[in-house]
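Here is a short briefing to read with the model open beside you. Take a moment to look it over, then follow the topics one by one.

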Amino acid sequence: MSDPIRPEEIAPAASQPEASAAPAHRRDLLRAIAAAALAGSLSEEAAAQVHQHVAAAKPSQAVPYKLKFLNAHEFETIAVLSEIIIPGAGAAGAAPFIDLLSSNNPEFAARFTGGILWLDHECDQRFQTSFLAASAAQRAEVLDLIAYRKNRTPALGPGIEFFDLARRIASDAYFTSREGVKAIGFMGNAALPEFKVPQEVLDYVNKHSPV
Amino acid sequence: MYHHGMPQVIRTPEVHDVVVIGSGAGGGTVTHVLANLGVKVTLIEAGPLLNPARDYKEHKMPYDYDHRAAGPAGESYEGKYPFGFFLAPNGYWDIDGEPYTTAPGNKFRWFRSRILGGRTNHYGRITLRFADYDFQPRSFDGLGDNWPVTYDEIAPYYDKAERFIGVCGSREGIRSAPDGQFMTPPPPRAHEVVVQRASRSLGIPCIPSRMSIITKNHNGRPACHWCGECGRGCITASNYSSSQVQIMPALKTGNVRIIANAMAREVITGPSGKVTAVSYVDKATRTERQIRCRAVVLAASACESARLLLNSRSPRHPNGLSNASGVVGRYLTDTVGYGLSGRIPYFAGMPRYNADGYGGGHLYMPWWELEKKNKEFPRGYHIEIGGGYGMPTVGSTHGSCRRHEGYGEELKKKIIADYGVTVGFSGRGEMIPNQDTYCEIDPNVADRWGIPVLRFHFQWSDHERKMVKHMHQTFTALIERMGGTVSGLRNPEREGDGISVGGSIIHELGTVRMGNDRNTSALNKYCQSHEVNNLFVADAAPFVSNPDKNPTLTINAMAWRTSEYLAEEMRKGNV
């Protein structure tokens, strides 16, 4: 599992070094936090302590992420939710991306902040906890409802709408990142002396095409 | 210093030779041809100058921007970048302060680019000759009107334009797709190989596209380097834009002066009835200026040129200039558009490769039922092909998200598997002018420059709606022949039955039409006004019909011919 970004740890996506450039122990630490957070087994206090630890271990030139519009709870909820939707979207900067757009677009922001309030309210109704503090099973219970249009009821409608938006934006954040571009297999944007389709691709087409 | 009694309209005594209004395909061609014939040109452009090195976003990736090319405020999500953040500047359906209106019950979209080069900075580079029968549609099937020129008269100018601009394609000997002066085209992409086989098995020719993209070095411009993003503008000028290929080189002749950020307001005639001056609003100072000239060439785009003439009213020309016939604004058409996407399941297992090529399909299908009798609709269409492994951008995976729903590793895998499995077919067909489709001056609305705006009326007829049904059947057959299934409609700006919204294919033309009869046309066969002999039009406004071939090359060719005629008439002292 990749690292969800947390506001106090990571610089904005564009200036963020590649994951492989970060010291291995820090990566491991972040991974552990992410895993613990996703499993719901990390108390807020423990998380805060680890965060301080990570901050101290950070290379001095790294600039802490400064929230632009979202509050820390919203930012972290988006980071965690995006990571659940598209594994890797957290590390790919979904939360800073949404924070940036939200800071410039009140209507866009409202759809996210309203969605988070809906999600937290739903979790509170069901489990007396926030989405962030809910267990993995509890989160799945809610998400498995709002991740599908077929579950639409008046009560779940706003959640389904929000999840549809969060899914598209998380996917955008991931598949426009370096990692996502690589994962999907885009190999272009080069300067070539000649355009040519590789023989293995033509062989594949010849083998599978019915015409 | 401001004096209370100073006139607000600034007039200068200098007499310019030829004032050209607009710098797109028409204005760029006129500027190039006239400047090289030694005629002094003053080019008026409603937008700013262009610096390709600064303004084009070539070779950028979404992750080069914190906003991932969604726009700083997520403009992509709000539909404010209809062709994406990366599009070469600039182009808009709506420009702040420069509105247009539509009559009740009518839909029309008008795409405008206010910048040096206009829409040629980003257009699709499709470069098709009109066919012989396209110039004589009335003789062909009794509908519409014939042009006052024939293919044979225009062919030498197609040659000149193609040789200068540089066009890749192949010689095929197909009547609906006349051959030109071509450079070697690139091979088809993998999905296009399958499309070509499916197409041929249905009896539809599928041939290399004709594109104004150079595949070898040409006139100091390096050959295409296959980055696939022509729409962003090409810093190496390996495709045609009037800004880089015609206007910037023409500046070196010393015969060209550009007045940028100048919104043409009206063409002014003197006591003799001839054009004496052009009035424009200098956008920076919001002042009106008038410059005198020997001749004027309107190339502001079909609808802007019509607007200029309709706004150029005088006691001698009460209906607007060159409009005694009342045809200015009439005979408006756009290309008929319809698009269908299909999923080809076995494409999911295809080895990934760099499928960029040039921007746009490497193959296309020209119209193939020319000789067929008892067709359900007159005229025809060509088919453009989409597909391959484009650069992932915001929105690229939204279709997959909606189709699969859910979340997690499973969703991620499905999105990755969907990449490149879709092909798209876009039909581009001929609309026949009709009485219900035209533009006029809105009597109640002026833009921020005080210039009355256009009001559009647009209605498709049964001819076009029947053609769209034929497109649907053809595209379905192609997708199924490839082994796929239809997945959805493709064109974003569409009406209920999938036909494009008028204007949205951005081939609007015909509004100042040419003809031999001055009672039914505004311009003669050289695109010279019947009424005012030092007034010319060199965009797509003079076109008598809107064949199923993209109009840009014919704008280039007609403008080239008009420019040579104008220079000769000036030399003879007739203009």
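Among contacts in chain A between residues at least 6 apart in sequence, what share joins residues at least 24 apart? The share is 66%, where contact means heavy atoms within 4.5 Å. You are looking at a predicted model, in which local features need pLDDT of at least 70, side-chain atom pairs count only at pLDDT 80 or more, and totals for chains, interfaces and linings use all residues. Residues are numbered from 1 along each chain as its sequence is written, chains are lettered from A and ligands numbered from 1 in the order in which they are written, and side-chain values use heavy atoms, with hydrogens and water left out.

**Chain A as a whole**

- Chain A has 9 helices and 0 strands; helices (H or I, at least four residues) and strands (E, at least two) are DSSP runs, numbered from the N terminus.
- Of its 211 residues, 50% count as buried; buried means under 20% relative accessible area, exposed over 50%, and partly exposed in between (1.4 Å probe, protein chains only).

**Helix H5 of chain A**

- Helix H5(A) covers residues 106-127, and its 22 residues should span 32 Å at 1.5 Å a residue; the end C-alpha atoms are 31 Å apart, which agrees. The expected span is 1.5 Å times one less than the number of residues.
- Buried residues in H5(A) include Phe108(A), Phe112(A), Trp118(A) and Phe127(A).
- The cover over the buried residues of H5(A) includes helices H3 (72-85), H4 (94-104), H6 (136-146) and H7 (157-175) of chain A.
- Asn105(A) caps the N-terminal end of H5(A), with a side-chain oxygen 3.2 Å from the backbone nitrogen of Glu107(A).
- Just after H5(A) comes Gln128(A), which takes a positive phi of about 55°.

- The size of an interface is often given as the accessible area lost when the parts come together.
- Chains A and B bury about 5,500 Å² between them, 63% of it on carbon and sulfur atoms; this buried area is the accessible area (1.4 Å probe) that two parts lose on being put together, summed over both.
- Asn189(A), Phe195(A) and Val211(A) supply 14% of the area that chain A buries against chain B, more than any other three residues.
- Chain A brings 58 residues to the contact and chain B brings 66 residues.
- There is 1 salt bridge between the two chains, and it joins the side chains of Arg149(A) and Glu405(B) (3.5 Å, N to O). A salt bridge is a side-chain nitrogen of Lys or Arg within 4 Å of a carboxyl oxygen of Asp or Glu.
- H7(A) gives the most to the side of chain A that touches chain B, with 9 residues.

**Ser545 and helix H11 of chain B**

- Ser545(B) sits in the loop between strand E16 (535-537) and helix H11 (552-572) of chain B.
- Why is Ser545(B) counted as buried? Because its relative accessibility is 3%.
- Not counting residues up to four places away in sequence, Ser545(B) touches Asp134(B), Pro137(B), Trp147(B), Glu430(B) and Leu509(B).
- H11(B) is mostly covered, with 17 of its 21 residues buried.
- Those 21 residues should span 30 Å at 1.5 Å a residue, and the end C-alpha atoms of H11(B) are 30 Å apart, which agrees.
- After H11(B) comes Gly573(B), whose phi is positive, near 85°.

Technical notes. A polar contact is a pair of N or O atoms within 3.5 Å; within protein, one must be able to donate a hydrogen and the other to accept it, and residues adjacent in sequence count only if both atoms are side-chain atoms.
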